[in-house]
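These notebook entries record what I looked up in one structure. I began with a pair of strands and then moved on to the sheet, the helices and single residues.

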Amino acid sequence: MLRSEPSGRQMIPHSAALRCLLVLSLASAILGLGERLGPKECEDLGFTGLALCSDCNTLGEYVKDKELVSDCRKCCSEDSDDSLSKVTFSGAILEVCMRKLMFYPEVAAFIEEEKDEFSYVKFKYAFASPPKLIMLDSEGNEKETIRIDNWKREHIQQFLKEKVKPGVSVS
């Protein structure tokens, strides 16, 4: 029921307004509408380098964890018509802590068995570093960082084949 103010305007009762706000908040949370995380939160989740939302779609094809894909969408940028996941890099560095490597058998297997096929990937051992790919431009400058803690070896291979074009400038 609407109430009138002394000025003659009608007001919605507080409880109805609160119910509407609660319903909108829940709908937004369920659908993930407009919720974006800051750079620090995204880095903590391991999404510092997945810049385009289409990359989250690709992630969803490889990893069937809906919560992980949802977190990815909170950190991505909308694709523009001319970019559509065409971002490529000239090289990459796979950085990991040598002491932690035993906890990441897929990453260790990639390093041991695939290093010859991916000659444009350099390996860097850094104390306490989680496994990550540091994507490089044509001048060797770091452009993006992507944590690969839970990636399988074949996912690392596929990602590098799609995203790294040695000798090509970054698009």
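**Entry 1. A hairpin**

I first asked which residue in β6 Ile-134 stands opposite. I found that Ile-134 faces Thr-145 of that strand. The model is predicted, so I noted its limits: local features need pLDDT of at least 70, side-chain atom pairs count only at pLDDT 80 or more, and totals for chains, interfaces and linings use all residues. Residues are numbered from 1 along each chain as its sequence is written, and side-chain values use heavy atoms, with hydrogens and water left out.

I then looked up the two strands themselves. β5 covers residues 132-136 and β6 covers residues 142-147; the two pair in the antiparallel sense over 5 bridges. Two strands are said to pair if DSSP finds at least two bridges between them. Helices (H or I, at least four residues) and strands (E, at least two) are DSSP runs, numbered from the N terminus. The hairpin of β5 and β6 has 5 residues between the strands, and in this hairpin Gly-140 takes a positive phi near 85 degrees.

**Entry 2. The whole chain**

I counted elements next. The chain has 6 helices and 6 strands, which run from the N terminus on as β-β-α-α-α-α-β-α-β-β-β-α. Of its 171 residues, 37% count as buried; buried means under 20% relative accessible area, exposed over 50%, and partly exposed in between (1.4 Å probe, protein chains only). Among contacts between residues at least 6 apart in sequence, 70% join residues at least 24 apart. A contact means heavy atoms within 4.5 Å.

**Entry 3. The sheet**

I asked in what order the 4 strands of the open sheet lie. The order is β4-β3-β5-β6, with mixed pairing. The edge strands are β4 (121-125) and β6, each of which pairs on one side only. From one strand to the next the twist averages 25 degrees. Axes here are lines fitted to C-alpha atoms, for helices over the stretch in contact, and angles run from 0 to 180 degrees between N-to-C directions.

Strand β3 (residues 91-96) is joined to β5 by 5 bridges, and the two run antiparallel.

α5 lies across β3 and β4 and runs at about 130 degrees to β3. α6 packs on the sheet and touches β3, β4, β5 and β6, its direction making about 10 degrees with that of β5.

**Entry 4. Helices α5 and α6**

I asked at what angle α5 and α6 pack. Helix α5 (residues 105-114) and helix α6 (residues 153-163) pack at an angle of about 60 degrees, with their axes 8 Å apart. That makes α5 oblique to α6, since angles under 35 degrees count as roughly parallel, over 145 as roughly antiparallel, 65 to 115 as roughly perpendicular and the rest as oblique. Glu-106, Val-107, Ala-109, Phe-110, Glu-113 and Glu-114 of α5 make the contact with Arg-153, Ile-156, Gln-157 and Leu-160 of α6.

Two residues of this contact received a closer look. Gln-157 of α6 is buried, because its relative accessible area is 17%. Glu-114 of α5 is buried as well, at 11% relative accessibility. Their side chains make a polar contact (3.0 Å), that is, a pair of N or O atoms within 3.5 Å; within protein, one must be able to donate a hydrogen and the other to accept it, and residues adjacent in sequence count only if both atoms are side-chain atoms. Leaving aside neighbours within four places in sequence, Gln-157 is in contact with Phe-110, Glu-114 and Phe-118, and Glu-114 with Ala-109, Arg-153 and Gln-157.

**Entry 5. Helices α3 and α4**

The axes of α3 (residues 53-62) and α4 (residues 66-75) come within 9 Å and cross at roughly 170 degrees. The two helices are therefore roughly antiparallel to each other. The contact is made by Cys-53, Cys-56, Asn-57, Leu-59 and Gly-60 of α3 and Leu-68, Val-69, Cys-72 and Arg-73 of α4.

I then asked which residues in α4 are buried. They are Val-69, Asp-71, Cys-72, Lys-74 and Cys-75, and what covers them includes α2 (39-45) and α3. Asp-65 caps the N-terminal end of α4, with a side-chain oxygen 3.1 Å from the backbone nitrogen of Glu-67.
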